[in-house]
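Here are a few notes for your first look at this structure. Please keep the model open while you read.

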Amino acid sequence: MLKVNDLSYFHENGQGISEINFELKTGDHLALIGESGCGKSTLIKAIYGLFDLDEGSIHWKNDRVLGPAHNLVPGFPSFKHLSQEFDLMPFTTSEENIQKYLSRETPQENKKRSDELVALFDLEDVKDQKVKTLSGGQKQRVAIAQVLAKPPGVVLLDEPFSHIDQFLKHQLRRRLFQFLKKEKIICIFATHDADDVLPFSDYTMVLKNGKPLDFRPTTEVYSKPKNFYCASLFGDVNLLDPKEFGLDSKTPEIIIYPHEIEIIQEGDFQAEVKSRYFKGSNYLVEMKYQSKSIFAISEVNLEKGSKVNFQFSQKRIYSRLN
Ligand SMILES: Nc1ncnc2c1ncn2[C@@H]1O[C@H](COP(=O)(O)OP(=O)(O)OP(=O)(O)O)[C@@H](O)[C@H]1O
């Protein structure tokens, strides 16, 4: 069990994180999301034990995670940290880097483990290549393999796919999170991509100005967002006055995702198509309703300037009306 109690840490310039509380069980995945500079990397580094906390504590099983004032080697030994800089040894091969944290007493076992990770992260072609000659995406994959080679209790991944192209990313991400579940490793990862968060995290923490705005199961953070900022981290979103649309809601404003608005032949409200954005399987449509912009999803490419009708999918937004 990982327990973070009332953690605060401030850099010398006064920027930092505070009021951080959460617990994770073996194998849980937590996504940290929030605008740039909200404190995701600072929190990841603090949990890893790179800072002497101003307040609060971090406990892993029966141990307390302490900062550099208490340790010669930075970082808590049962944890691994993938930083945005990767921290690889440039003049040794990918394979040697992956084996860095493995015990040297069992070379066959080490080889078996690194072969498994080389295959998992598609590194066969570059395993004998020196790290300094690899591309950014290849280095990032070696760095992920390295932090997982000797299974940590907790792995802290700071934007783990930031250098990896779309072509590989989807498959790699599925493989990584399946592997972490199989090995029952707690994973805390910082990301800007909703596609990392929704399918792969059990819990989500939303940070703003160094403070948590939300920490709940990811399904709840998404389906009952605390506010517009939290919902916006998942993509385009509408903030509407429910009374204006005849919705019986206790809140003065309601958050509605574009896919919760149905564009139909005969509908309650009429709007004009302002813009549409091709998304592959559908279009994001920006409609003008009275003086407001409203975003909806359309299966077909609606003509700019055309009049459309829309209504709300009451079933989908029901949980937010109360
Ligand atoms: N070593 C440092 N010294 C002083 N200020 C710092 C340091 N590291 C981060 N900060 C500041 O702390 C705040 C949080 O930074 P942090 O890197 O944790 O944000 P982040 O959410 O990870 O951002 P991004 O998504 O851009 O990576 C920012 O205002 C940043 O400028």
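How many bridges join strand 14 to strand 15, and do they run parallel or antiparallel?

1. The model is predicted. Strand 14 covers residues 269–278 and strand 15 covers residues 283–289. Six bridges join them, and the two run antiparallel. Look for Arg276, which stands opposite Val285 in strand 15.

2. Next, the turn. Four residues lie between strand 14 and strand 15 in their hairpin.

3. Lys288 has Ser293 in strand 16 as its bridge partner.

4. The hairpin of strand 15 and strand 16 has two residues between the strands. Here Gln290 takes a positive phi, near 50 degrees.

5. Now the ligand. Which residues surround the ligand? They are His11, Asn13, Gln15, Gly34, Ser36, Gly37, Cys38, Gly39, Lys40, Ser41, Thr42 and Ala190. Helix 1, residues 40–48, gives the most to this shell, with three residues.

6. What classes of residue make up the shell around the ligand? Nine are polar, two are nonpolar and one is charged.

7. Finally, the overall layout. The protein is divided into domain 1, spanning 2–225, and domain 2, spanning 236–321. The C-alpha centres of domain 1 and domain 2 lie 38 Å apart.

Technical notes:
Residues numbered from 1 in each chain as written. Predicted model: local features only at pLDDT ≥ 70, side-chain atom pairs only at ≥ 80, totals over all residues. Pairing = 2+ DSSP bridges. Near = placed C-beta within 6 Å. Nonpolar A, V, L, I, M, F, W, Y, C, P; charged D, E, K, R; others polar. Domains from an automatic or database assignment.
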